[in-house]
Amino acid sequence: MRGTALPQAQPAEEWGVCVSESAGRNAIDVRGVRKVFGSGDGQVTALDTVSVSIRENEFFTLLGPSGCGKTTLLRLIAGFEFPTDGQIMLHGEDIALLPPFRRPVNTVFQSYALFPHMTVAENIAFGLEMLGKSRSEIDGRTADMLKLVQMEELAKRKTSEISGGQQQRVALARALAPQPKVLLLDEPLSALDYKLRKEMQLELKQLQHETGITFIFVTHDQEEALTMSDRIAVMSTGKILQVGSPHDIYEHPAERFVAGFIGETNFLDAEVVATSAGSATVKLPSGKQIPAGLPEGFQPGSRVSLAVRPERAQIVAADADATLAGVIDNLVYLGTDTHFHLRLDGGEAFIVRQQNSSGSGINFATGDRVGVILGDDAAQILKD
Amino acid sequence: MTSAQDVAQQIERRDIRNRWLLSAPALVIIFLAAIGPLLVMVAYSFMVKGDYGDVRFGEFSLDGWFSVLFWRDIFDDTIGLADAHLSILWRSIRLSFITTALTLAFGFPTAYFIATRPPSTREVWVFLITIPFWTNLLIRTFAMQEVVRNEGILNSLMIWSGIVDQPVQIMYTDAAILFGMVYVYLPLMVLPLYASMEKLDFRLVEAGYDLYATRARVLWRIIIPLVRPGVIAGSILVFIPSLGAYVIPRVLGGGKNMMLGNLIELQFGAGRNWPLGAAMSITVMLIVMLALLVYVRNATRSGVQHG
């Protein structure tokens, strides 16, 4: 997807949106946005006072299970819905009540929503035509876009005559052609098969990097979010739970939901013994004390949940020094990794993922009594 | 020895035979009710008219066809164009076009309104649209007369509200015929329009808005091209019966503002010229067929191929 002419960020004045210099580097500022559908008894709060800032040139992902409000937030930014309360700022200008055709924001729809009565090229040219660009500019940019998504040969085809992956590219080219300030992508890869999806993930990331356009990407696929994003906002039941880099979100989940939704996680009960800046010592039910990452707001003595990633634990022969002890319930060999499903002495399930390197030494079997040791930064205290 | 191929062939033959058997009742009715009478009409149009109606069987004549367009002076046999026939033909085509255009203009927003309701309430609206069909056309047309006549509801209202001081003559004008035809044929436009709008993917409308199309441009560039099959079907369903309308021009247009239906009826009644009536009927049919052919070809050329 490397083309010659890439869409450049366009001066905002052209859109009639006045840019205040003090806005800083945020492309989108969502401030206290609430969205309620329906009225009376049938009222549903899709978004519950959400605030988030999306930086310029950022690949930002809204991640959450279906019904968490991520698509509603995207539709509010696109202008298909209007917020019940709150502001949506684009480069410092409130666009919350502008109709979609007055916002320099384009969408790649989940269903692609390509116009079936137009050819591939006509679809891509549509936005430029509606902006009243000159014929030569429209033709030039359409050709550039076709090249960018490698669809030159299919320009004259009807959109019903091309494959799903090709439709996806056309949808992308159509949304990029008018050089939007922000590109919104509503689960655009969900209809593609696994291999194509993997390819498109990399291409999208590359495209975002090359165009310098801010991408806001909606997905329920945590792997997709981790692979592509600069930052991720994890959403659940109309709220944003945590915003951070993929690394932050994965390594330092702040809440139980985030830890459970992204990757596999073991949960352990513990009690805070002592705190210092950013870390704490916690006591496990077995009496063992270990260090743990600490978000704000926990005092010594509070009962907490710990999250431990399966790959941060290591399985060892049964030993009094091990942090945890249990029996192997089940053992899954996955080529590069082996997953050990343990039953801890306290009765909890616990998973350890171990790489199958040549030096991993001891071989364990189902039914064996084993110990588990945790690295110094393996445990993370969660807000429930 | 019977191979699998033979068996397959036998089954196929039996299937075809069964299909013919199943469709036989319909085919018989179509033949007796449509094709048979049509053949009779064609035959009548080439015969000599009887003195008191009917035709003289077996006597071939082109008089019927000749009289569709021409007129022969009974004293000196000079030949002239049948102006009356042409003006009635022209009026019929004109009124039918206007009716089609007006029902489209009124029916489109109505269909759009219904198609954008929640699915549960759409059926109610469609049901309401069909209510006029419950009453006989003749009765509805007389009811229409009650609305448009000089002392009728419309004129009374206009005088009462001070828009006019004298009743406006609507009865026995083309306006009255149009009024009646638009009213009667509107559901025939709304229903096919609704059927194709219901299938319209409204995400495409959103995509249009997203790509900077204003409401008018979304309507013109996206909605209308996509519901074109409905526009075509509705236009055909309205135009054809409009062209052959009989009751409405008879009741609302009076004797002066005839349409083709009335002219043809006249030949079989007071005119006692069955061959002419038959020839006119076939002429109308040919005009309709030709118009449809041209219209459908033009309308589908730009190709609406969405599923």
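This is a predicted model: local features need pLDDT of at least 70, side-chain atom pairs count only at pLDDT 80 or more; totals for chains, interfaces and linings use all residues.
# Close-up views of chains A and B

**Figure 1. Polar contacts between chain B and chain A.** Between chain B and chain A, eight residue pairs are in polar contact, both residues of each pair being at pLDDT 80 or more. On the side of chain B that touches chain A, helices α8 (202–210) and α9 (215–226) each supply at least two residues. Helix α8(B) provides the largest share of that side, namely seven residues.

**Figure 2. Salt bridges across the interface of chain B and chain A.** Two salt bridges are found across this interface. One of the residue pairs that form a salt bridge is B:Glu206 with A:Arg75. The closest N and O atoms of B:Glu206 and A:Arg75 are 2.5 Å apart.

**Figure 3. Extent of the interface between chain B and chain A.** The size of an interface is often given as the accessible area lost when the parts come together. Between chain B and chain A, the buried area is about 2200 Å². Carbon and sulfur atoms give 62% of this area. Within chain B, the residues that lose the most area to chain A are B:Asp210, B:Leu211 and B:Tyr212. Together, these three residues account for 35% of what the chain B side buries. In terms of contacts, 21 residues of chain B meet 28 residues of chain A.

**Figure 4. Domains and overall build of chain A.** The domain assignment divides chain A into domain 1 (12–104 + 180–251) and domain 2 (264–382). The C-alpha centres of domain 1 and domain 2 of chain A are 35 Å apart. The secondary structure of chain A consists of eight helices and 20 strands. Of the 384 residues in chain A, 52% are buried. Among contacts in chain A between residues at least 6 apart in sequence, 68% join residues at least 24 apart.

Figure 5. A:Gln201 belongs to helix α5 (residues 194–211) of chain A. Is A:Gln201 buried or exposed? A:Gln201 counts as buried because its relative accessibility is 3%, and the cut-off for a buried residue is under 20%. Leaving aside residues up to four places away in sequence, A:Gln201 touches A:Leu189, A:Glu224, A:Thr227 and A:Met228. A:Gln201 and A:Ala225 are 24 residues apart along the chain, and their C-alpha atoms are separated by 9.5 Å.

How values were computed:
Residues are numbered from 1 along each chain as its sequence is written. Chains are lettered from A and ligands numbered from 1 in the order in which they are written. Side-chain values use heavy atoms; hydrogens and water are left out. Contact means heavy atoms within 4.5 Å. Buried area is the accessible area (1.4 Å probe) that two parts lose on being put together, summed over both. A salt bridge is a side-chain nitrogen of Lys or Arg within 4 Å of a carboxyl oxygen of Asp or Glu. A polar contact is a pair of N or O atoms within 3.5 Å; within protein, one must be able to donate a hydrogen and the other to accept it, and residues adjacent in sequence count only if both atoms are side-chain atoms. Helices (H or I, at least four residues) and strands (E, at least two) are DSSP runs, numbered from the N terminus. Domain bounds come from an automatic or database domain assignment. Buried means under 20% relative accessible area, exposed over 50%, partly exposed in between (1.4 Å probe, protein chains only).
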